[in-house]
Amino acid sequence: MTFTAKILLLGSGELGREFVISAKRLGAQVIACDSYANAPAMQVADGHEVFSMLDGEALRAAIAKHAPDYVVPEVEAIRTEVLADVEAEGVTVVPSARAAQMTMNRDGIREVAAVELGLRTSRYRYAESLEEVLAGAEHTGLPCVIKPVMSSSGKGQSTVREASALEAAWDYAVANMRGDRARVIVEEFVDFDYEITLLTVRSRAGVSFCPPIGHRQERGDYQESWQPAAMSAQAIADAQDMARKVVDDLGGYGIFGVEFFVKGEEVIFSELSPRPHDTGMVTLISQNLSEFDLHARAVLGLPVPEVRLYGPSASAVILADRDGEAPGYEGVAEALAVPGGEIDLRIFAKPTTRPYRRMGVALALAGDTDAARTLAAEAAGKVRINYG
């Protein structure tokens, strides 16, 4: 069988699953890699490998074995020096090895944004001990936010309002970090009006944007998102200007999830992921091309057309509440029958559950974003997990 390209996907969760589907529709062959077997993306890929992305020897062996045209990271915790080596040898790393290195840790991308590019960010300090956390909190003031420099989906993040809670926040961040570096960022708490994700596509034709996505978090992890987020024309222009500067600095092609806080008309850079973003799952129902379609096209060097929004849309997560094996699902028909708009579901088919693990997402398209959020939440609530 002849393929348009071979892709080695590093990380095979739900975002990777949707990317595999989009890439295969364009004729690509995809080998999905993750640290556990039967991960969501592996179930739809052409092949798979099981190893830790932080195992440099295993990562290099997988690249040598499959000789991919593109190495596409889906997770932050990767031995990025291997990516730099293989990029120098001619393999295309998406969007670039430098982008993977800069965004693997929050300190890297923060330095790019705040120091190199001079973008507006919150005050911050890095800390590698409780003593440095205490000093960092003195610099930022209270309340402050403490996050591991390497984590995913908000794990290990907490907001500290009293000095007596700093030690617990440090312990929580270290316990939930990814990788092998006990380092956190102590960040000024921004009393923002709202926060958004600006999905930014860098392709051969230049930089383009999706309509802004609003989102709500709990425990540092997204619970719902909606599109479009209500923003003034000036705030959107400011966010696009900052996003363009960062992605042009990082280089390469693909989609970037650029997060901002918005306070009044002031737009403040928060974080960036050089890959599809969890809040962007709303684009599976909201746009003519989802974030995964856009990523696949940009990665493969294909034309990226203008994004058309079908209408106000929302997503709401389906969470597990306990540990389990081989879960099943009930209530799917009831969820899809929720009246008042268009409803869709994605069940991620993860082989195990744990408390607060994201197992699926409900999607809704309606007349306005408030209605879409209500419908998505209702549909998500009708899906029940059977724990093995």
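1. Leu15 lies in helix α1, which covers residues 14-25, in a model that is predicted. With a relative accessible area of 12%, Leu15 is buried, because buried here means under 20% relative accessible area. Setting aside residues up to four places away in sequence, Leu15 touches Glu74, Pro276, His277, Asp278, Met281, Glu291 and Phe292.

2. Glu74, one of the residues that Leu15 touches, is placed in the loop between β4 (70-73) and α3 (80-88). Glu74 also counts as buried, at 13% relative accessibility. The side chain of Glu74 reaches the backbone nitrogen of Leu15 at 3.4 Å, and, when neighbours within four places in sequence are left aside, the contacts of Glu74 include Leu9, Leu10, Gly11, Ser12, Gly13, Glu14, Gly16 and Arg275.

3. Asp278, which is also among the residues touched by Leu15, sits in the loop between β15 (266-273) and α9 (283-286). Its relative accessible area is 11%, so Asp278 is buried. A polar contact of 3.1 Å joins the side chain of Asp278 to the side chain of His277, and His277 is itself on the list of residues that Leu15 touches.

4. Which residues does UniProt place under the feature "binding site"? The record, an unreviewed entry, gives Glu14, Leu15, Glu74, Asp278, Lys350, Arg357 and Arg358. Of these residues, Leu15 and Glu74 are included in the lining of the largest cavity.

Conventions. Residues are numbered from 1 along each chain as its sequence is written. This is a predicted model: local features need pLDDT of at least 70, side-chain atom pairs count only at pLDDT 80 or more; totals for chains, interfaces and linings use all residues. Side-chain values use heavy atoms; hydrogens and water are left out. Helices (H or I, at least four residues) and strands (E, at least two) are DSSP runs, numbered from the N terminus. Buried means under 20% relative accessible area, exposed over 50%, partly exposed in between (1.4 Å probe, protein chains only). A polar contact is a pair of N or O atoms within 3.5 Å; within protein, one must be able to donate a hydrogen and the other to accept it, and residues adjacent in sequence count only if both atoms are side-chain atoms. UniProt positions are given in the numbering used here, feature names are shortened, and annotations may be inferred rather than shown by experiment. On a 1 Å grid over the protein atoms alone, a cavity is a set of points where a 1.4 Å probe fits but cannot get out, and a pocket is an open set with protein on both sides within 12 Å along at least five of seven lines; lining residues have an atom within 4 Å of a point. Contact means heavy atoms within 4.5 Å.
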